[in-house]
Amino acid sequence: MRHTVLSFITILFGPTFIMAQNVEAPGSDVIISLKEPSMFSNCFKDLDTNGDGIVDATEAAAATILVLDKGGRSNIIENYDFLKHFPNLKALSVGNTAAECIDLHCLEKLEKLNLTNALFLNKIILADGCEPEITYPSGKAYIEMQYYVKDDTIRALMEEYDYCEKIEQDGSVCYIVSKEYGAYGIWRNGKLEVPCKYGIEELKNLYFTVGQTEAIVKDYVAFTDESVKEFCLRINKIDSDKDGEISIDEAKAVTRLSFMVFKSFIRNIKSYEDLQYFPNLEYFHAGLTYVETVDVSCCPKLKELDLSDCRMLKTIILAKGCKPEIKYPVAYKGEKAKLVYK
């Protein structure tokens, strides 16, 4: 079995740097070896309760106070990963270090934190909810306090956004995100489904139904073709709650849908994939498009299908058993579109 031991390398006429390495060690896990005396090892002498010259995992877990200042500036601590073996520390003095950031999120019970000799420190990472009494370095005006987040998605989003809040209920999960001093948006299913263009209260009012305990995310259509979305928003009856988005329920309620081009509103439809959200259509005008295949097989209730503006139409895909009245475009190169059922 491999165990972690802190070893100490003394550089002639220089300070002692602390680092970790893997070595073969018999018996119980060895966290700190005191058998080779050094100024730094003196910091752990009180923790060696059985006097065997080592601090093992059990002794490290029992420790509640750790002072790493012994030896003064002759010990420069570069790596604090060993603190994960001391989960029950209530008081810690970090000692002399040139580190600009120290991650202490493994110390959830920390009550007192001495940073007196951390002269270059800019940021501390603490466990969520941990608020120790802190002694700052002399003359240090500001040290950022960041709380560790266990949620992997939030940690990843915080690299891009300045604000991230998780919303979940009944298996539905999303994240409200925002840039600094910017508008808020919704991150869901691995992408930004709602752009950051709302204030936080406006966003919650538009996109969430508030329950007794927490918010529930509404399901909105994630349009593939923005032109399709723009047509749907122009038809006021579809966006019934006037929130600027089309919900799944609103789409299912639609029986008539037209992408007919107006002189003041010209859009070229590039994809009909979004029709999957409109399964109850009985009338559909496909609008202006240059695609060769129009697939409306997801609309089995169609009775009228207007394809007059489909300039290069070659194939129409219908649901099996669906036989709508079709208005064809002027034949492209003398060919009439082929009907396919699925």
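Leaving aside its neighbours within four places in sequence, which residues is aspartate 48 in contact with? They are Leu34, Gly53, Ile54, Val55 and Glu59. Contact here means heavy atoms within 4.5 Å.

## The model and its make-up

This is a predicted model, where local features need pLDDT of at least 70, side-chain atom pairs count only at pLDDT 80 or more, and totals for chains, interfaces and linings use all residues. Residues are numbered from 1 along each chain as its sequence is written, and side-chain values use heavy atoms, with hydrogens and water left out.

The protein has five helices and 25 strands. Both are DSSP runs, numbered from the N terminus: helices are H or I with at least four residues, strands are E with at least two. Of the 342 residues, 42% are buried. Buried means under 20% relative accessible area, exposed means over 50%, and partly exposed lies in between (1.4 Å probe, protein chains only). Take the contacts between residues at least 6 apart in sequence: 32% of them join residues at least 24 apart.

## Parallel strands

Strands of a sheet pair through backbone hydrogen bonds, either parallel or antiparallel. In this model, two strands pair if DSSP finds at least two bridges between them.

Strand β7 (residues 91-93) runs parallel to strand β9 (residues 112-114), and three bridges join them. Alanine 91 faces lysine 112 in β9. Elsewhere, strand β8 (residues 101-104) pairs with strand β10 (residues 123-126) in the parallel sense, over four bridges. There, isoleucine 102 has isoleucine 124 of β10 as its bridge partner. β10 also pairs with strand β12 (residues 144-147), again parallel and over four bridges. Isoleucine 125 stands opposite glutamine 146 in β12.

## Aromatic rings

A pair of aromatic rings is described by the distance of the centres and the angle of the planes. Rings of Phe, Tyr and Trp (its six-membered ring) pair if their centres lie within 6.5 Å; planes under 30 degrees apart are stacked, over 60 edge-to-face, and the rest tilted. How many aromatic pairs does a search of the whole structure find? It finds eight. Tyrosine 80 and phenylalanine 82 are a stacked pair, because their ring centres are 6.3 Å apart and their planes are at 25°. Both residues are buried. Phe44, Tyr80, Phe82 and Phe86 form one aromatic cluster.

The rings of tyrosine 163 and tyrosine 184 have centres 5.3 Å apart and planes at 85°, so this pair is edge-to-face. Tyrosine 163 lies in strand β13 (residues 163-169) and tyrosine 184 in strand β15 (residues 184-188), so the pair ties together parts that are 21 residues apart in sequence. Tyrosine 163 is partly exposed, at 30% relative accessible area. Tyrosine 184 counts as buried, at 19%.

## Charges over rings

A charge sits over a ring if NZ of Lys or CZ of Arg is within 6 Å of the ring centre and within 35 degrees of the ring normal. Lysine 179 lies over the face of tyrosine 161, 5.1 Å from the ring centre. The charged end of arginine 256 sits over the ring of tyrosine 283, 4.2 Å from its centre.

A polar atom of its side chain lies 2.9 Å from the backbone nitrogen of glycine 53. A polar contact is a pair of N or O atoms within 3.5 Å; within protein, one must be able to donate a hydrogen and the other to accept it, and residues adjacent in sequence count only if both atoms are side-chain atoms.

Threonine 289 lies in the loop between β20 (283-285) and β21 (293-295). Threonine 289 is buried, with a relative accessible area of 0%. Its side chain reaches the backbone nitrogen of valine 291 at 3.2 Å.
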